[in-house]
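Subject: A structure to look through

Hello,

Here is the structure I promised to pass on to you. Please open it beside this email and follow along as you read.

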Amino acid sequence: EHLNSSKLKKRTLYELNDECIDVILNVTQLKGILFQKEVDIKSDSKINNDKYKDIKLCIYEIMNNIAKHSLTKTLYFKLIRQKKNIEIILITQEDTDFYNYDHAGNGLRNIQKRCQRQGGDFKIFQQSGRIYFDLKFKL
């Protein structure tokens with residue numbers, strides 16, 4: 001449903017936010033994870049079809065990894081628009097053994113490729129018992 005809706009010419013940042021939250025809620029509700037969000041868009045922007053689809057696929061892949069491997073009880077979601085950039089950050093809480101930095105699978109490598117293809121970047125790191133998934137895209 002969500003991927004097929006990307007066939008329109010351009011979608012908005014608000015629509016992207018809503019669809020990302022829908023994907024996240026599907027997993028958090030199923031796994032009993034507390035979900036908290038922070039959205040700082042300020043003004044809406046149009047996003048081309050390819051970028052919109054790549055961002056959504058990145059969110060799907062991150063949530064797939066969280067559903068399969070995470071023991072987190074809380075997930076934070078931040079979507080921030082800064083000038084000509086979008087930053088999406090997902091943070092798991094109390095999840096120190098979730099990610100093995102030496103064994104990134106195809107899904108995480110595909111996220112990196114999608115971000116780079118769209119002029120952005122993807123970082124995943126562990127800090128203070130939290131796993132950070134940080135996606136950046138140029139608008």
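Below is what was found in it, from the whole chain down to single residues.

First, two notes on how to read it. This is a predicted model, in which local features need pLDDT of at least 70 and side-chain atom pairs count only at pLDDT 80 or more, while totals for chains, interfaces and linings use all residues. Residues are numbered from 1 along each chain as its sequence is written, and side-chain values use heavy atoms, leaving out hydrogens and water.

**The whole chain**

The chain has three helices and seven strands. Helices (H or I, at least four residues) and strands (E, at least two) are DSSP runs, numbered from the N terminus. Along the sequence they come in the pattern β-α-β-β-α-β-β-α-β-β.

Of the 139 residues, 46% count as buried; buried means under 20% relative accessible area, exposed over 50%, and partly exposed in between, with a 1.4 Å probe and protein chains only. The accessible surface of the chain is about 7,800 Å², by the Shrake-Rupley method with a 1.4 Å probe. Carbon and sulfur atoms hold 47% of that surface.

Contacts (heavy atoms within 4.5 Å) also tell us about the fold. Among those with a separation of 6 or more, 72% are between residues 24 or more positions apart.

**How the helices pack**

Two packed helices are described by the angle between their axes and the distance between the axes. Axes here are lines fitted to C-alpha atoms, for helices over the stretch in contact, and angles run from 0 to 180 degrees between N-to-C directions.

How do α1 and α2 pack? Helix α1 (residues 13-31) and helix α2 (residues 49-69) pack at about 15°, with their axes 10 Å apart. They are therefore roughly parallel (angles under 35 degrees count as roughly parallel, over 145 as roughly antiparallel, 65 to 115 as roughly perpendicular and the rest as oblique). On the α1 side, the residues that meet α2 include L16, V23 and V27, and on the α2 side they include Y52, I59 and M63. By class, this contact has twelve nonpolar, one polar and four charged residues. Ala, Val, Leu, Ile, Met, Phe, Trp, Tyr, Cys and Pro count as nonpolar, Asp, Glu, Lys and Arg as charged, and the others, Gly among them, as polar.

Helix α2 also packs against helix α3 (residues 106-117), at an angle of about 160° and with the axes 10 Å apart. That makes α2 roughly antiparallel to α3. Among the residues that meet are L57, C58 and I62 in α2, and L108, I111 and C115 in α3. Here the contact has six nonpolar, two polar and four charged residues.

**Some residues in loops**

Most residues other than glycine have a negative phi. Which way does phi go at K83, positive or negative? The phi of K83 is positive, near 50°. K83 lies in the loop between β4 (74-82) and β5 (85-92), and counts as exposed at 76% relative accessibility.

S128 also has a positive phi of about 50°, although it is not a glycine. You will find S128 in the loop between β6 (121-127) and β7 (130-138), where it is exposed at 72% relative accessibility.

Finally, look at L71, in the loop between α2 and β4. L71 is exposed, with a relative accessible area of 68%. The C-alpha atoms of L71 and E94 are 7.9 Å apart, although the two residues are 23 apart along the chain.

Happy exploring!
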